[in-house]
Amino acid sequence: VPDPLKRRLLLPWTLVRGWGGPEAALILLAVGVLARLGPRRVPLLSVFTAADLSVPTAGLLGLLCALGVLAGTREPSDTLTVTSPRPVPALRAARVLLLAAGSVAAVAAGPGTTVAAAVTTVGALTGEQLLLAALVGRSFSWVAPMTHALAAITLGATSRGDIAIWAWFLDSHTSAVGTAASVLVFLTGTSTWAARSRTGDSAD
Amino acid sequence: VTAVPPTGARPARGVSYRVWRSAAATGAPRVGGLLLLGIAVLTGLGVDASAGTPGWANPLNAGLVTALFIAPVVAGTAAAQTGFLRRHGVLGVARTAPGGVPRTRGLVLLATGGWGGLALLLATALIVARADRSGPFTPEMALLPLSGLVGVVSASAVGTVLGGIRDSRAVAPLLTLGLFTAGYAVSFTHGRWLTLSPTFPATFYTVATQPHGALVAAQMLLAASIAAALLTVSGSGRRRTAATLTAVVVVAAVVGVLMRVSPAPVEFRTAPDPAPCVTSADLSMCVWPEDLTATRPALAALTTVTGQIGGYWPTARRYREPGIIRPAPDAPVYDVTSISSTTAVGFVPAAITAVLPRSRCPADMSVRAAENDLYVWLEATAGAGPTDTTDTPVLSPRQRRSWVATRLAVIDRCRTR
């Protein structure tokens with residue numbers, strides 16, 4: 001018979017494990033280490049321009065954070081969430097917010113990275129992923145932030161000395177509008193994802 | 001159990017359009033495909049191709065660069081879809097179907113590769129449509145989008161095979177990241193490693209150059225061979241052994257070819273024989289037909305520069321653009337292929353480079369300083385550089401003659417050493 005302490009910890013641990021907590025924590029830990037010890041900047045391709053352009057690595061770490069959030073939004077059983085009498089959407093939204101906060105902290109751990117820059121990159125890419133997860137399921141939702149981020153680093157600065165408007169989350173000089181756009185995308189994604197709990201995740 | 005009487009109809013061998021459309025409109029292929037189309041429009045409209053010289057090579061090259069992210073995403077969606085089918089037992093069911101697992105895998109390959117190819121062609125078409133296409137077009141330039149398509153379909157094959165082996169959800173995003181990182185990193189390499197770069201983002205084609213046909217063809221063959229090898233390795237039976245051996249031999253042969261061809265992603269186009277030459281005063285230059293309109297300001301700049309240095313150094317009377325051989329194979333090269341200026345001032349730097357004596361000791365600091373002094377002086381006197389500079393002090397004609405002669409002597413000493 002397990003002792004009372006173990007018994008008390010068993011339920012939360014089972015829940016966290018079922019929700020993909022350990023995998024998410026591992027990915028966010030890796031993001032923190034990369035932000036701290038990885039290269040400071042990543043060079044961008046110079047198509048049609050001779051200008052050397054690079055962006056802070058932090059601008060791309062949002063992609064790994066989105067994958068971390070994806071790992072942490074797993075449901076051990078869709079049937080339970082669909083039939084649950086409790087307000088599951090709030091719980092799902094709380095989990096996402098917690099993971100997003102952890103992601104922002106991990107990205108902002110890098111030297112010289114502001115919280116606003118971390119919010120911009122994490123908010124945009126995580127929000128896109130949650131939005132797609134709500135529409136088609138978690139299995140294929142990584143495609144949205146991945147396509148956006150890879151396209152941005154490839155051609156987001158083509159023919160110009162600055163970053164294209166659709167690749168705003170890469171920009172080191174974060175504007176208030178960019179951060180607000182990212183927060184808006186994140187809130188839309190989170191609320192849509194949370195509301196989906198009543199319909200299940202058939203694509204998984 | 002009731003036995004189904006044979007109907008005599010042979011099982012379908014290929015993939016019909018209806019089946020392909022159905023596969024492309026579900027699951028990961030649809031999600032990835034629609035997103036890729038959206039991002040293809042953004043990138044296609046975002047690239048400002050007007051920065052390049054007129055012609056097809058630069059916009060087609062920018063279109064090829066989009067394959068750098070399209071191919072990994074296609075590989076990831078193929079892996080996700082095959083993994084999804086495997087997890088849910090559909091691949092197991094497919095084993096009992098007439099076409100077996102290879103047909104199901106082929107269906108995923110065609111569905112994801114089709115979306116990826118469509119996105120690549122859409123981005124390329126948008127870039128080309130907005131570029132100045134009045135310049136040259138050669139068959140080698142058409143190899144660029146073809147190379148992108150081969151890369152996308154090959155990446156789809158890699159994803160299909162990996163997804164069939166490992167059905168973990170982590171495989172698809174990790175494969176996408178891995179392929180992109182590898183392709184992106186190799187784009188920044190130099191020398192022989194550059195032959196493995198599937199795209200040429202830093203390459204700028206002029207009116208005289210075109211994509212290196214042999215290199216691009218070998219790269220396409222390599223990508224197709226690797227994809228074919230992976231597809232056959234994951235099959236079964238004697239055919240697998242034979243196909244694997246063939247694929248290995250082909251891959252080895254192509255790598256051998258790649259090690260021999262020049263790693264430079266550009267080569268000269270076939271020059272007209274003889275090239276048209278234009279004469280002004282006592283100077284003439286032989287040019288590519290597309291550059292005939294630029295000869296007047298180019299010759300004016302050349303006249304100014306030769307007039308300045310002609311009294312100190314014997315200068316040539318006939319010049320040629322890069323890649324032009326006949327009728328002046330030994331004439332100095334006057335490279336105006338990437339200059340879009342309509343005034344003589346814009347051609348002065350190129351004219352100075354063509355006229356100034358070439359040193360053979362580029363590491364010698366005194367020679368480099370002498371070359372730089374002469375360059376700055378010529379640029380300033382031709383009105384193309386800063387007029388107020390400490391490098392070109394105001395001197396009397398006699399002092400100037402001595403100043404120039406000293407520097408030319410330094411360069412000449414190096415040439416005769």
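Predicted model: local features only at pLDDT ≥ 70, side-chain atom pairs only at ≥ 80, totals over all residues.

Which handedness does the β-α-β unit of β4(B), helix α11 and β5(B) have? I looked it up: the unit is left-handed, with α11 spanning residues 295–309 of chain B.

Next, the strand pairings. I find β4(B) joined to β5 (residues 318–320) by three bridges, and the two run parallel. B:Cys286 has B:Arg320 as its bridge partner there. To β3 (residues 277–280), β4(B) is joined by four bridges, this time antiparallel. In that pairing I see B:Thr279 opposite B:Ser284. The β3(B)–β4(B) hairpin has two residues between the strands, and B:Ala281 takes a positive phi near 55 degrees.

Then I checked side-chain directions in β4(B), residues 283–286. B:Leu283 and B:Met285 point one way, B:Ser284 and B:Cys286 the other, and all are buried.

The largest pocket comes out at about 690 Å³. It has 29 lining residues, and those closest to its centre are B:Gly151, B:Leu179, B:Leu196, B:Pro198 and B:Ala223. I get two or more lining residues from each of α4, α7, α8 and α9 of chain B, with α7(B) giving the largest share, eight residues.

Last, I looked at B:Ser147, which sits in α7 (residues 139–165). I count B:Ser147 as buried because its relative accessible area is 9%, under the 20% cut-off.

Note on methods
Residues numbered from 1 in each chain as written. Chains lettered and ligands numbered in written order. Heavy atoms only, no water. Buried < 20%, exposed > 50% of the residue type's maximum accessible area, 1.4 Å probe, protein only. 1 Å grid on protein atoms, 1.4 Å probe; cavity = no way out; pocket = protein on both sides within 12 Å on 5 of 7 lines; lining within 4 Å. Points joined across faces, edges and corners; volume = space filled by probe spheres on them. Pairing = 2+ DSSP bridges. Right-handed = clockwise from strand over helix to strand, strands pointing away.
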